[in-house]
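Biologist: Could you walk me through this one? I'd like to start with the contacts and then get to the sheet.

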Protein chains: 2
Amino acid sequence: MDTRARHLLAEYHGCDPGLLDDPVALEALLRAAAEAARVRAVDAQFRRLAPQGVSGVIVIEESHLSIHTWPETGYAAADFFTCGDGLPEAAHALLGPGLRAARAEVLLIERGLPGPGPSLRVART
Amino acid sequence: MDTRARHLLAEYHGCDPGLLDDPVALEALLRAAAEAARVRAVDAQFRRLAPQGVSGVIVIEESHLSIHTWPETGYAAADFFTCGDGLPEAAHALLGPGLRAARAEVLLIERGLPGPGPSLRVART
């Protein structure tokens, strides 16, 4: 079975602080991102932290999407880790505008690569 | 507030296939890894997939630990994403032997870095 996967790490700055503190809105946004990435959510956990911020994870088959937010600085760290035909770039394309981010940075990692070479590789910054 | 975090991506090959198909054992192992990393679990989801494999995530305050397994090839992909004083290397040091991995590869990413430079940086391969 093919274990190849792509893991897109995304950083969002200058986001809407109210949105970053709203677990219901963030779960809706991440579920829309999962749909855009063509992956199927099997579990989800979104929790508001004290005094502020949200930690949320959507478990998909064989991988996950996650978001962790800091409303006080307008920053969010997201991961779109997908296998097979999943489209992590499509999740990112939806999430940046969805969070009203002023600036985004991404790093794409290829994982589970077949041997004899490395299993893990930075594909694009 | 400091948003700096470290995200260690770990790949394990040649693992014990029975262990990779056991969500209860994997949750116990990842909870021990969270303790080693000095982070506090706030939520956990571990699920066995059909026909085999496990997807598991432990949400910690402001970040997460995760594992996704392919028993048929002895491969597991793990993430140890920790903020502040968390020790993702300690989680990795525990997980490799815990999975009986013959070979491991890691990539450490620094995230949430203060401006004006990049927010995200490959720290070590």
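Modeller: Two residues count as in contact if their C-beta atoms, placed from the backbone, lie within 7 Å. This is a predicted model, and in chain A, among contacts between residues at least 6 apart in sequence, 60% join residues at least 24 apart.

Biologist: OK, and what is the order of helices and strands along chain A?

Modeller: Chain A has three helices and seven strands, and along the sequence they follow the pattern β-α-α-β-β-β-β-α-β-β.

Biologist: What radius of gyration does chain A have, against that of a compact globule?

Modeller: Chain A has 14 Å, which agrees with the value near 14 Å for a compact globule of 125 residues; the C-alpha trace spans about 45 × 30 × 25 Å along its principal axes, and 49% of the residues in chain A are buried.

Biologist: Switching to chain B, what is the strand order in the sheet?

Modeller: The sheet in chain B is open, has seven strands with antiparallel pairing and runs β2-β3-β4-β5-β1-β6-β7. In chain B, β2 (41-48) and β7 (121-124) each have a single partner strand, so one side of each lacks a neighbour in the sheet.

Biologist: And how many bridges join β1 to β6 in chain B?

Modeller: Nine bridges join β1 (residues 5-13) of chain B to β6 (residues 103-111) of chain B, and A5(B) has R111(B) as its bridge partner in β6(B).

Biologist: Which strands does helix α2 of chain B touch?

Modeller: Helix α2 (residues 23-36) of chain B packs on the sheet against β2, β3 and β4 of chain B, its direction making about 30° with that of β3(B), whereas helix α3 (residues 88-98) of chain B lies across β1, β4, β5 and β6 of chain B, at about 15° to β1(B).

Terms used
Residues numbered from 1 in each chain as written. Chains lettered and ligands numbered in written order. Predicted model: local features only at pLDDT ≥ 70, side-chain atom pairs only at ≥ 80, totals over all residues. Pairing = 2+ DSSP bridges. Helix = DSSP H or I, 4+ residues; strand = E, 2+ residues; numbered from the N terminus. Axes fitted to C-alpha atoms, helices over the stretch in contact; angles between N-to-C directions. Rg over C-alpha atoms; globule rule 2.2 N^0.38 Å. Buried ≥ 20, exposed ≤ 12 C-beta atoms within 10 Å, placed from the backbone.
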